[in-house]
Amino acid sequence: MLSVRDLRVSFGHAEILQGVSLDVGDEPFAVAGRNGMGKTTLCYAIMGMVPVQSGGVVFDGASIEGKSPTRVSRSGIAIVPQGRRVFPSLTVDEHLRLVSRGKNAAWSIERVYDTFPRLAERKGNGGSQLSGGEQQMLAISRALLLNPKLIIMDEPSEGLAPVLVDHLIEVLKKLANEKIGLLLVEQNLRVATSVASNVAIMLSGRIAATVPASQLSADEALQRRYLGVSTGSH
Amino acid sequence: MSTGNALRSSSALVTVSVLAVLVALPFVLTEFWTTNILVRAMVYGIVALSLTFLAYYGGLLSLAQMVVAGVAGYTIAVSVPGAIPENSLQIPYSLAIPLAVVLATVSGLLIGAIAVRTREIYLLMITLAIAVSFYFFVQANVEYLNGYEGIRNVLGPDIFGVPLRTPYVFYFVALATSFALYALVLYVSGSQFGLVLQGIRDNPRRLSALGYNVAHHRIAAFGVAGFIAGIGGVLITIYNIGISPGTVSTHSTISILIMSVIGGLGHPIGAFIGAVIFTIIDTFAADLYDRDRFNTLIGVVFLAIVVASPDGVTGLAKRAGDLLRGLRLIAPGAVAADPTLQANVPSKD
């Protein structure tokens, strides 16, 4: 579905992405790595939100590198950004109406409210009045209403209480059954390995290894080597 | 939600009662108050409304709204019969007015296309430059626009056989137009287009990542504002029985900005409240204070309003309303206890 080939991005002299290649198929795919390894830059580069130096991004058979975020989004990729980025001055309902493609689309406002009843209760509340978990649901809903073929999620578990992380895992698993592609960028290994089938480990702007999720969650030595953490310590 | 419905129906009630009072006013007030204060406030208030619309929903503060109004005003002035100096077009008002509004909308779109890449102080400077150039252009153009003197005797059309400038008739036409445009702004702000604009104001990068073309939406917002200001420009020209460079001078441009700011940029009604306050002070300051120095009085009053409430009169009303509601509904300490009532720091990208 999405194929990234030797992608390079630099800010000034700092080469943030040093030739990243990965393939996202129908199964959820995760990218794990510590802070500062270039995970968010990778998301932005795919979306066209930062200039790409070289390399290619092919989505659904069409080359999309160097296209504007508007064009990339219209080609069928939606992003749920790190830190949620909901609009402080719009209510929940206004957020959803902003992106709604009508009642007959696969994802309609009604379906979002059915899927996330908590959002229906908070309909009239402003974006800045929501809790972190509610903001995350809203940001995911905002992406779903675009009826994308692929969703990129940047650190969805960041800043969420452990019980909400469990809920998030359930939501992401449900989405995986919806035939929507998922590129999940996560520091939280538990989230990455329970949702994705394959996990790419990012180290200093490169993909150091791509391993099946089951292997990564079982191999603590591997976790320590690349990530300096283990699922046990989380 | 029940509180939302109650709030909506109570605000509808306020709107209906304010309208009823406005309909009754000309029968109570003297003709001077109706024509020289209220009609003047409404026709200029419409231009201020276009500025408030751009500023609040689009986050775009433009000083070129009087230019757009001037385009509409000059269009009818150079085309209708009866105008002095006489023109060769002689187009009836029924065609000249729609033409004027269309040209104003187009010039709004053009200004938007020029200004769309700039923000904040740079947008202000570009639109100010456009306003100043337009002023000098109309002043220098003697052949078509009659230069410094401008064009006189633009009397307006007849409405059902009665001249538009008959005091009552003009009042109700201005009122109906103002209300329709106010309703238009509220409607647009709740539509998907309006929500996208507000999203762009909050975070343009996010909106482009959601698949919206930020530049196109901003230009379209300038077009909507141009349509509103164009209608204002038509009414201003008929109100003044003509148009001259003074109508589009920097002084007028700043007056429109002052109306919007003292009324408050946080709600479209602020434009009209600001226009009424501005017109009253502008009319009576010369009587109250030394004839040579009445501008000082005007300045002091505006300063006082802005210092007391940076978001203008509507901001003041909003805070007073919140305070009253707070006293009635929420026990002391409830705000601190309920995290949903505390405003978080808005997220930025």
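Q: Two strands pair if DSSP finds at least two bridges between them. What makes β1(A) and β4(A) of this predicted model a pair by that rule?

A: Five bridges join β1(A) to β4 (residues 54-59) of chain A. The rule asks for at least two, so the two strands pair. They run antiparallel, and in β4(A) the bridge partner of Arg8(A) is Ser54(A).

Q: How do you know that β1(A) also pairs with β2(A)?

A: Count the bridges again. Between β1 (residues 2-11) and β2 (residues 14-24) of chain A there are eight, and at least two are needed, so these strands pair as well. The sense is antiparallel here too. In β2(A), Val4(A) has Leu22(A) as its bridge partner.

Q: What about the turn of that hairpin: which residue takes a positive phi?

A: That's Gly12(A), with a phi near 60°. The hairpin of β1(A) and β2(A) has two residues between the strands.

Q: Why is chain A called as compact as a globular protein of its length?

A: First, the inventory: chain A has ten helices and ten strands. Its radius of gyration is 17 Å, and the globule rule gives 17 Å for 234 residues, so the chain is as compact as a globular protein of that length. The C-alpha atoms fill a box of roughly 45 × 40 × 30 Å along the principal axes. Of the contacts in chain A with a separation of 6 or more, 65% are between residues 24 or more positions apart.

Q: Why is Ser100(A) called buried?

A: The cut-off is 20 or more other C-beta atoms within 10 Å. Ser100(A) has 20, so it counts as buried. In chain A, 46% of the 234 residues count as buried.

Q: Where does Ser100(A) sit, and what does it touch?

A: Look in the loop between α3 and α4 (109-115) of chain A. Leaving out residues up to four places away in sequence, Ser100(A) touches Ser108(A), Ile109(A) and Leu145(A). As for Ala209(A), 109 residues away along the chain, its C-alpha atom is 38 Å from that of Ser100(A).

Q: How do you know that chains A and B touch?

A: A contact needs C-beta atoms within 7 Å. By that test, 26 residues of chain A are in contact with 23 residues of chain B. On the chain A side, α2 (69-74) and α3 (92-99) each supply at least two residues.

Q: What makes up that side of chain A, going by residue class?

A: Eleven of its residues are nonpolar, nine are polar and six are charged.

Technical notes. Residues are numbered from 1 along each chain as its sequence is written. Chains are lettered from A and ligands numbered from 1 in the order in which they are written. This is a predicted model: local features need pLDDT of at least 70, side-chain atom pairs count only at pLDDT 80 or more; totals for chains, interfaces and linings use all residues. Two residues are in contact if their C-beta atoms, placed from the backbone, lie within 7 Å. Helices (H or I, at least four residues) and strands (E, at least two) are DSSP runs, numbered from the N terminus. Ala, Val, Leu, Ile, Met, Phe, Trp, Tyr, Cys and Pro count as nonpolar, Asp, Glu, Lys and Arg as charged, and the others, Gly among them, as polar. The radius of gyration is taken over C-alpha atoms; the globule rule is 2.2 Å times the number of residues to the power 0.38. A residue is buried if 20 or more other C-beta atoms lie within 10 Å of its own, exposed if 12 or fewer, and partly exposed in between; C-beta atoms are placed from the backbone.
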